[in-house]
Amino acid sequence: MITGTPKPIEEILEMLEPYDNIILAGCHGCVTVCRVGGEKEVQVLASTLRLAREAAGRKINIREVSLERQCDPEYVEQMRPYVADHQAVLSIACGAGIQFLAEKFTMTPLLPGINTGFLGVTERQGEWSERCQGCGDCVLHLTGGICPVTRCAKSLFHGPCGGSVQGTCEVSKDVKCGWQLIIDRLKSLNQLENYGKLKPYKGWSTARDGGPRRILREDMI
Amino acid sequence: MLPCTGRIDESLLLKAFENGADGVMVVGCLEGDCHYVSGNIRARARVNRVYAILDKIKIGPDRIRMFNLSAGEGSKFAAYANEFVGKIRELGPSPINLVRAGQAHAVSQKETT
């Protein structure tokens, strides 16, 4: 899922300073699962903002909305009938959702209510960690299901670097060496020969280096 | 009134302040004695989150507090209620109610002139 963290309330209040009548839009997708931008968070943030603004002597009207997904046009369009009646939209979806709203509603300022994080997994309630950087050329079948692009701080493709000490990365004692994890896993799977199958270099043309990416599936159009 | 603190969430607690409460007292069963296993533990975590929110938006974190009691501790409930009401009286009206009272006063002044 795409993870995120709430923006500090002071930062959101500062963004809302010019406005008295806004939409607060949540999303039922990833941000609901990581408890940062779902229907519940919309209710809590709306109440918080109303209280803060009224205590400061300047009330704010907030229309609370939660879309099924802010990254799909059919759901975004549900907001169209009433967007123009408001001065701005504060979205607590991921950066993709916020940008999609901005593209669709060009005359209304869009404000981000969260900081979007990474593609990750839930370790336990309240803890998420990164697993994928969307490089566009997956090699997990060769690396025991552990991604060298994400789990190695340097995204190396040739095994651990000199900063790997007793399975720990030099970046932090809390970060495991991705390559140590890969080698240990390949050993336990009896697939250590896969280590030698990795490409001599990684082609990054499918990753972010080529600018914003696009997927075009002719079979679906 | 809610029969189980496990149903409480942050938005309900904040709504109470929006609706004019100067303080909110959450009374749950004793920890370890929840009929639904962890309802009161979850409630405490939610109360703590609202505590942090009230602190950040300068409404005053001490306006919310959770107590744990068994259904048979009537006198303790009364003592906790008196203690909390006393604390809220000490803090005075919430900033929201002060603003609302000021606005109501301004309107009545305008009407009399």
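How many residues does the contact take from chain A and from chain B? The contact takes 12 residues from chain A and 15 residues from chain B. The model is predicted.

**The interface between the chains**

Helix H3 of chain A, residues 39-55, supplies the largest share of the side of chain A that touches chain B, with 10 residues. By class, the side of chain A that touches chain B divides into 5 nonpolar, 4 polar and 3 charged residues.

Two packed helices are described by the angle between their axes and the distance between the axes.

| Helix pair | Axis distance | Angle | Hand of crossing |
|---|---|---|---|
| H3(A) and H4(B) | within 8 Å | roughly 50 degrees | left-handed |
| H3(A) and H1(B) | 9 Å | about 25 degrees | left-handed |
| H1(B) and H2(B) | within 9 Å | roughly 45 degrees | right-handed |

Take H3(A) and H1(B). Their axes lie 9 Å apart and the helices pack at an angle of about 25 degrees. That makes H3(A) roughly parallel to H1(B), because angles under 35 degrees count as roughly parallel. On H3(A), the residues that meet H1(B) are A:Lys40, A:Gln43, A:Val44, A:Ser47, A:Thr48, A:Arg50 and A:Leu51. Their partners in H1(B) are B:Glu10, B:Ser11, B:Leu14, B:Lys15, B:Phe17 and B:Glu18. By class, this contact has 4 nonpolar, 4 polar and 5 charged residues.

H3(A) also meets helix H4 of chain B, residues 95-112. Their axes cross at roughly 50 degrees, so H3(A) and H4(B) are oblique to each other. From H3(A) come A:Leu51, A:Glu54 and A:Ala55. From H4(B) come B:Pro95, B:Ile96 and B:Val99. By class, the contact of H3(A) with H4(B) has 5 nonpolar, no polar and 1 charged residues. A:Leu51 takes part in the contact with H1(B) and also in the contact with H4(B).

**A helix pair within chain B**

Helix H1 of chain B spans residues 10-18, and helix H2 of chain B spans residues 39-56. Their axes come within 9 Å and cross at roughly 45 degrees. H1(B) and H2(B) are therefore oblique to each other. Their crossing is right-handed. B:Glu10, B:Leu13 and B:Leu14 in H1(B) meet B:Arg46, B:Val47, B:Arg49 and B:Val50 in H2(B). By class, the contact of H1(B) with H2(B) has 4 nonpolar, no polar and 3 charged residues. B:Glu10 and B:Leu14 meet H2(B), and they also meet H3(A).

**Nonpolar cores**

Which residues of the largest nonpolar core touch the most other members? They are A:Leu24, A:Ala25 and A:Val31, in a core of 51 residues. H3(A) gives the largest share of this core, 7 residues. Leaving out residues up to four places away in sequence, A:Val31 touches A:Gly4, A:Val36, A:Gly37, A:Gly38, A:Ile92, A:Ala93, A:Cys94 and A:Ile114. Another core, of 9 residues, lies apart from the largest one. Among its residues are A:Ile146, A:Val149, A:Cys152 and A:Cys177.

Helix H8 of chain A runs over residues 178-188. A:Gly178, A:Trp179, A:Gln180, A:Leu181 and A:Ile182 are buried in this helix. What covers the buried residues of H8(A) includes helix H7 of chain A, residues 148-151.

A:Gln166 lies in the loop between H7 and H8 of chain A. A:Gln166 is not a glycine, yet its phi is positive, about 50 degrees.

A:Asn190 is not a glycine either, and its phi is positive, about 60 degrees. A:Asn190 has 7 C-beta neighbours inside 10 Å and so counts as exposed.

**A loop in chain B**

B:Asp33 is found in the loop between strand S1 (24-28) and H2 of chain B. B:Asp33 has 12 C-beta neighbours inside 10 Å, so this residue counts as exposed. B:Asp33 and B:Ser70 are 37 residues apart along the chain. Their C-alpha atoms are separated by 8.4 Å.

Note on methods. Residues numbered from 1 in each chain as written. Chains lettered and ligands numbered in written order. Predicted model: local features only at pLDDT ≥ 70, side-chain atom pairs only at ≥ 80, totals over all residues. Contact = placed C-beta atoms within 7 Å. Helix = DSSP H or I, 4+ residues; strand = E, 2+ residues; numbered from the N terminus. Nonpolar A, V, L, I, M, F, W, Y, C, P; charged D, E, K, R; others polar. Axes fitted to C-alpha atoms, helices over the stretch in contact; angles between N-to-C directions. Parallel < 35°, antiparallel > 145°, perpendicular 65-115°, else oblique. Left-handed = near helix turned anticlockwise from the far one by under 90°. Core = buried A, V, L, I, M, F, W, Y, C linked by C-beta atoms within 7 Å. Buried ≥ 20, exposed ≤ 12 C-beta atoms within 10 Å, placed from the backbone.
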